[in-house]
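The notes keep to the order in which I went.

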Amino acid sequence: MLSKKQTQLPIFITSNSPFKSSLFFIIIFLTAWFLLLFFWLPPTNPIHINLHRAYHLISNHIINSHMHRQPFLVYIYDMPSEFNLGLVKNCHHLNMHRDMCPHVANHGLGQPLQHVNAVGPACWFATNQFTAAMIFHARLENHPLRTWDPSRATLFYVPFYGGLHASSKFRETNLTARDELAVRFSEFLESQPWWQRNNGKDHFVVLGRTAWDFMRTKSGPDYGASTLLNLPRVQNLSVLAIERNPWTGTNQHGIPYPSYFHPCTSSQVLTWQHSMRLSKRPHLFSFVGAPRKGLQRAAIRDELIKQCGESIRCKLLTCRYGSGASNKCSSPSEILGVMSKSQFCLQAPGDSFTRRSTFDSVLAGCIPVFFSRHTAYTQYMWYLPQDAEEYSVYINGENGNATRRIEDELMNIPTDRVERMRNKVIDLIPRVTYKHPNASDDGEFEDAVDVAVAALANHVQSLLSKD
């Protein structure tokens, strides 16, 4: 029998009430649903955003996870103007094909672009492929690891715009005049007390052209190159070039060609990466480029253009040069528009093994297809994964053999592997990109300059430890 107190309780909480059982299950269900929403869809707040940003940008360090990084500082030489800024002042005569004045503006970034979507226009420039030395210099001048005290420096940067000078002398028939500035550069190095300390092994120079433009020999053909990299003293320092000699360039290190994207903040990088992950890619593959003449590599290009033109799954953007020619390849929006809508981008060698288009394709999240190992694999070891299959496709075209049907090769790659490769390519964007020289170094992603000086510091410290 119930006590008087018990009988006064509401009936729905008595032990035998069916309503009580229902209420109990409702409470359990709502609690479980709340927990599911909280953990599966966490609230969007600044903490979550920071964690999200860190997750994606930390992946930028994975390639160098095997590398133990020592602390280091970089000293920049104050060079006579004839080696850098003096050359820029003569910008109308730096290249026999074009006026370089628009291209050397904004520390080598070139003219701002106004019609690239997804990220603020302040990030985009019509950057010339041969201005890496200027951009590198401007980045280091504002770099947090710069020191004004040479006694504290691990690395010594010698800002010589040798590529700009070389292109101004390609038609110089007087070899002494062509090599004159290179010889003075070598003499300048030897006169510096900090050069003497380690015989230049801790010094480096950045050249915005291929190494071949500085390696003229007496026995080889003369394509207009200087002998800068053959000078004995210069062979002691480290040379950062957009293309190295993969056979004898033991002191040469490949750095990316500059593309068009120069972000100021990590948020801008994330925004662009996100847009490339979401980009619809109706074309299986594409080729952006022009035919070549008189080169063994011309056969590869002709075959690629032929196969692309015959395939309904390929988008072909043919570059045309010459007076009056309409050249869509001069439009960054045209190039990125094609690549961002393609799953694979064919990267045939150009006038040399490498080409800027490789880095345009990475920027567009397009998986590069290589036909020579020297287009990337032997060039950019600081920047690209050791396992080339993680981010690229290789079809052997070393001996002019590119007749295999490219469409069939690419169609046979499983969809899930394509997805993994594309994600890896998009993850590579920060480290092959040159930040804007005025970028705030928020420390959340490394750009091409950060990667280079860190790897170079390790390299130099390893060299000196052997002495």
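The entries below go from the whole chain to its sheets, then to one residue and to the cavities.

**Entry: the whole chain**

I noted at the outset that this is a predicted model. I then looked up the secondary structure and found 16 helices and 13 strands in the protein. On burial, I read that 52% of the 467 residues count as buried. For the contacts with a separation of 6 or more, I found that 73% come from residues 24 or more positions apart.

**Entry: the six-stranded sheet**

I traced an open sheet of six strands whose order is E4-E1-E5-E6-E7-E8, with parallel pairing. Strand E4 (146-147) and E8 are at its edges and have a single partner strand each, so one side of each is left without a neighbour in the sheet.

I went through the pairings one after another. Strand E5, residues 155-157, is joined to E6 by two bridges and runs parallel to it, and within this pairing I found Phe-156 opposite His-203 of E6. Between E6 and strand E7 (residues 238-243) I found five bridges, again in the parallel sense. In that pairing Val-205 has Val-239 of E7 opposite it, while the bridge partner of Phe-204 in E7 is Ser-238. From E7 I moved on to strand E8 (residues 252-254), which pairs with E7 in the parallel sense over three bridges, and there Ala-241 stands opposite Gly-254 of E8.

How many residues of strand E6 are buried? I found that strand E6 (residues 203-210) is mostly covered, with eight of its eight residues buried. E7 is likewise mostly covered, and here six of its six residues are buried.

I also looked up what lies across this sheet, and noted helix H6, residues 132-141, which lies across strand E1 (74-76), E4, E5, E6 and E7 and runs at about 145° to E6.

**Entry: the five-stranded sheet**

I next followed an open sheet of five strands, in the order E10-E9-E11-E12-E13, and its pairing is parallel. Strand E10 (314-318) and strand E13 (393-394) are the ones at the edges, and because each has a single partner strand, one side of each is left without a neighbour in the sheet.

Strand E9 (residues 283-289) and E10 run parallel and are joined by five bridges; as one pair I noted Val-288, whose bridge partner in E10 is Leu-317. Which strands does helix H11 touch? I found that helix H11 (residues 298-310) packs on the sheet and touches E9, E10 and strand E11 (342-347), its direction making about 140° with that of E9. Helix H12 (residues 332-339) packs on the sheet as well, touching E9, E10 and E11, and I read the angle between its direction and that of E9 as about 150°.

**Entry: Ser-186**

I picked out Ser-186, which has its place in helix H8 (residues 175-191). Is Ser-186 buried or exposed? Its relative accessibility is 4%, and because buried means under 20%, Ser-186 counts as buried.

Leaving out residues up to four places away in sequence, I found that Ser-186 touches Leu-231, Arg-233 and Val-234. For one of these, Val-234, I also looked up the spacing: it is 48 residues from Ser-186 along the chain, and the two C-alpha atoms are separated by 6.4 Å.

**Entry: cavities**

I searched the whole structure for cavities of 30 Å³ or more, and the search finds four. The largest cavity has a volume of about 50 Å³. Which residues line the largest cavity? I listed Ser-259, Phe-261, Phe-359, Leu-363, Ile-429, Val-432, Thr-433 and Tyr-434.

Methods: Residues numbered from 1 in each chain as written. Predicted model: local features only at pLDDT ≥ 70, side-chain atom pairs only at ≥ 80, totals over all residues. Heavy atoms only, no water. Pairing = 2+ DSSP bridges. Helix = DSSP H or I, 4+ residues; strand = E, 2+ residues; numbered from the N terminus. Contact = heavy atoms within 4.5 Å. Axes fitted to C-alpha atoms, helices over the stretch in contact; angles between N-to-C directions. 1 Å grid on protein atoms, 1.4 Å probe; cavity = no way out; pocket = protein on both sides within 12 Å on 5 of 7 lines; lining within 4 Å. Points joined across faces, edges and corners; volume = space filled by probe spheres on them. Buried < 20%, exposed > 50% of the residue type's maximum accessible area, 1.4 Å probe, protein only.
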